[in-house]
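Please read the numbered points alongside the sequence and the model.

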Amino acid sequence: MTTSSERLAALAALVEGEGVTRVAPPLLLPAGPYFDLAGEEFGRRLLLTTGGDGTEFCLRPDFTLPIVTDYLESEAAGKPAAFGYLGPIFRQRRTGVIEFDQAGLELLAQPDADVALDRVFGFARQTLEIFNVRHAVVRLGGVGLFEALLAGLDMPDVWRPRIRNRFGHAEALERLLTRLATQANGKAETPDRATLIEQVTEQMLAAGLSLTEGRGPEEIADRYLEQQALDAALVPGATLELLRSYLAITGEAEEALAAVEALAGRAGIDLSARLGTLRRHLNAFGPAAPVTFDAAFSPRLDYYTGVVFEMTGQGGHVLASGGQYDRLLERLGATSRIAASGCAVWVDRLEREALA
């Protein structure tokens, strides 16, 4: 492709490929689901406005959420579907408001989830070929692999979801692991709930605080008891060391997966099924781009479930990203798990790579 218009036309043709329905969700969308699913960090990037009835809306910050929402509300819900898109999204940055063009593919309820994911990889690879990107690096991650490891580790169950929720947030996860390694667990004697509520009530009254406005004595006592229970739930030092060793694994994909396999073997945890899936998908990228595996890599959204990836160009910018996100549809109201995989590509960044 020699011109920008030719590249854009080829991308549009890819988005409208065989069996794919091209969709264009509204530019103005309810903001609530983005806060519920992506949290405050992503929420700070939204461009918000308020309707006359007080409902908060945002300019479209991505395509996946409205596409999946419309699918679940349609008669096609639960049936195989493929959606493509190409258009602008809007986000806030420190430098101000930025409008991006984004394209992508979403595959829902496909009969073979592995085949669907390979198709997503192929879409991303073909996009890079359209823009003549020759030196991209693929980074793979395994959300399901980490969850399988976490399930097999020796630790109180109360900590598993807390560690999982921080996976992909390197700083937050490190703070939690440090806390678990250094906290003085279970040394303080904790009063029973009734005694604690009475003590809190007395302290609030003595300080002139209202018992009905804001958090009441019962809520304060329950939060304190919950925290005490967490502090009393010891995570063995060997488990924390193994977690840190796992998260430090990164490098050429085959070598990194072999390191994960060896670590799991020493711990007596069977990760063969998850590792086999990752190894099968390595072939989907072909020889055109080097593939690395980063054990600590995950999108900062907890609805991703299996293999995840991103492709980075010469300038260090992410050009394409995505993976499997089965949990999203359940979070949006599906009564059973619906397989889902997809990816987004950043058209403006790809164009800069093409012109470099």
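In which sense, parallel or antiparallel, do strand 7 and strand 9 pair, and over how many bridges?

1. Strand 7 and strand 9 pair in the parallel sense, and the pairing extends over 3 bridges. Within this pairing, Val138 stands opposite Val291 of strand 9. It should be kept in mind throughout that the model is predicted.

2. Strand 7, which covers residues 137–142, also pairs with strand 10, which covers residues 307–312. Here the sense is antiparallel, and there are 6 bridges. Arg139 stands opposite Glu310 in strand 10.

3. Asp294 deserves a separate remark. This residue lies in strand 9, which comprises residues 291–294. Its relative accessibility is 12%, and Asp294 therefore counts as buried, the cut-off being under 20%.

4. The contacts of Asp294 may be considered next. When residues up to four places away in sequence are not counted, Asp294 touches Arg139, Leu140 and Gly141, as well as Ile249 and Thr250.

5. Turning to the protein as a whole, the secondary structure comprises 14 helices and 12 strands. The protein has 356 residues, of which 45% count as buried.

6. Among contacts with a separation of 6 or more, 70% are made by residues 24 or more positions apart. The accessible surface amounts to about 17,700 Å², and carbon and sulfur atoms account for 52% of that surface.

Methods:
Residues numbered from 1 in each chain as written. Predicted model: local features only at pLDDT ≥ 70, side-chain atom pairs only at ≥ 80, totals over all residues. Heavy atoms only, no water. Helix = DSSP H or I, 4+ residues; strand = E, 2+ residues; numbered from the N terminus. Buried < 20%, exposed > 50% of the residue type's maximum accessible area, 1.4 Å probe, protein only. Contact = heavy atoms within 4.5 Å. Areas by Shrake-Rupley, 256 points an atom, 1.4 Å probe, with all protein chains shown as cover. Pairing = 2+ DSSP bridges.
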